[in-house]
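Good morning, colleagues. Please look at the sequence and the structure on the screen.

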Amino acid sequence: MEEVLSRRVCEELLEMLRAQQDGRSRSAILRSITRCIYLMDAKNPTCSPEHVQLVASCLHDQDRDTQIQALNTLRAFATQSLFTAQIQDYYPKILDLVVSSRDEEVQVAALRLLNALPVPPNIAPLLRRAVPNLVGFLQWDNTTIQLQVLRLLITLSRKEELLPDILNCQVQPEFLSLMNNSQPAKLLCEMLALVEVLHGGCAKPRRPSKSPQSGSCSLYEVLFGENSHLADHLLVMFVHPEESVQLHACRLIMSLQLYKLDMEIAAGALSKHVSPASKPVF
């Protein structure tokens, strides 16, 4: 009975949204629509693609509360597989709100929606341009934005075509100061997960086509360069009060050490197979 009522109310609210132009009223209507969607059976939705399009049109509204609620409503729609592909069509607009908006609540809502969506195909050029901004957000003093950006970067770092761009982003020399025990455990776990994914990408046989710029303060140099202090920060996390952080740090240190050992073994084996007579003379 509750679901049937939610369906009827949702249909009425969507019609009200179509007719209403006042920003404050549209925001309140969108908030109610979001609640109704979460109460519906995801396998048998009442809403239609036209309703998703109607809600998405509110992303262009000048009222920031309307934008935030439209993003939240689209995130509710994204829980229903029927609408996921359609919402992906608005990925560029959502990403633009993250990068260009000056309102942190709008940015958070947009990031949460992006994290609820699969990355659509053929969008790598757009993401490549946005990556420096996303990495820059990690150095903001806003834990909520940092957490959402880390989750998005973890997803993007698994894309081979985006990995070089992420590694070559310029960061502040004190970037690793983010990894300290005063940070919330959730944030540290996501940060450690990102470093683990980035390192895994670097360790693959197919190395990124772009090499870190010599002497630059790139993310690659700060994390994995010869003068990196990553190991020191990881050791400090062994005394973090949260066991989840300790386990993440331990796993990452083991991964780094095993990779270093494999490289040393491979280099030693190669040197044994190269005889002095076969060495090139320059």
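Let me begin with a question: does Glu15 count as buried, partly exposed or exposed, and what is its relative accessibility? Glu15 counts as partly exposed, at 43% relative accessibility; here buried means under 20% relative accessible area, exposed over 50%, and partly exposed in between, with a 1.4 Å probe and protein chains only.

A word on the source. This is a predicted model, in which local features need pLDDT of at least 70 and side-chain atom pairs count only at pLDDT 80 or more, while totals for chains, interfaces and linings use all residues. Residues are numbered from 1 along each chain as its sequence is written, and side-chain values use heavy atoms, with hydrogens and water left out.

Glu15 forms a salt bridge with Arg18, their closest N and O atoms lying 3.7 Å apart; the term requires a side-chain nitrogen of Lys or Arg within 4 Å of a carboxyl oxygen of Asp or Glu. Both residues belong to helix α1 (residues 2-19), 3 residues apart, or about one turn of the helix. Helices here are DSSP runs of H or I with at least four residues, numbered from the N terminus. Arg18 is also partly exposed, with a relative accessible area of 43%.

By this rule the model has 8 salt bridges. In another of them, Asp103 meets Arg64 at 2.9 Å, N to O. Asp103 sits in the loop between α6 (91-100) and α7 (104-115) and Arg64 in helix α4 (residues 64-78), so this pair ties together parts 39 residues apart in sequence.

Asp165 pairs with Arg128, again in a salt bridge, with the closest N and O atoms 2.9 Å apart. Because Asp165 lies in helix α10 (residues 163-167) and Arg128 in helix α8 (residues 124-137), the pair ties together parts that are 37 residues apart in sequence. Asp165 is buried, at 12% relative accessible area, whereas Arg128 is partly exposed at 29%.

Finally, the pocket. The largest pocket has a volume of about 540 Å³. On a 1 Å grid over the protein atoms alone, a pocket is an open set of points where a 1.4 Å probe fits, with protein on both sides within 12 Å along at least five of seven lines, and lining residues have an atom within 4 Å of a point; the volume is the space filled by probe spheres set on the points. Of its 20 lining residues, the closest to the centre are His199, Leu223, Phe224, Leu256 and Lys260.

Technical notes: Helices (H or I, at least four residues) and strands (E, at least two) are DSSP runs, numbered from the N terminus.
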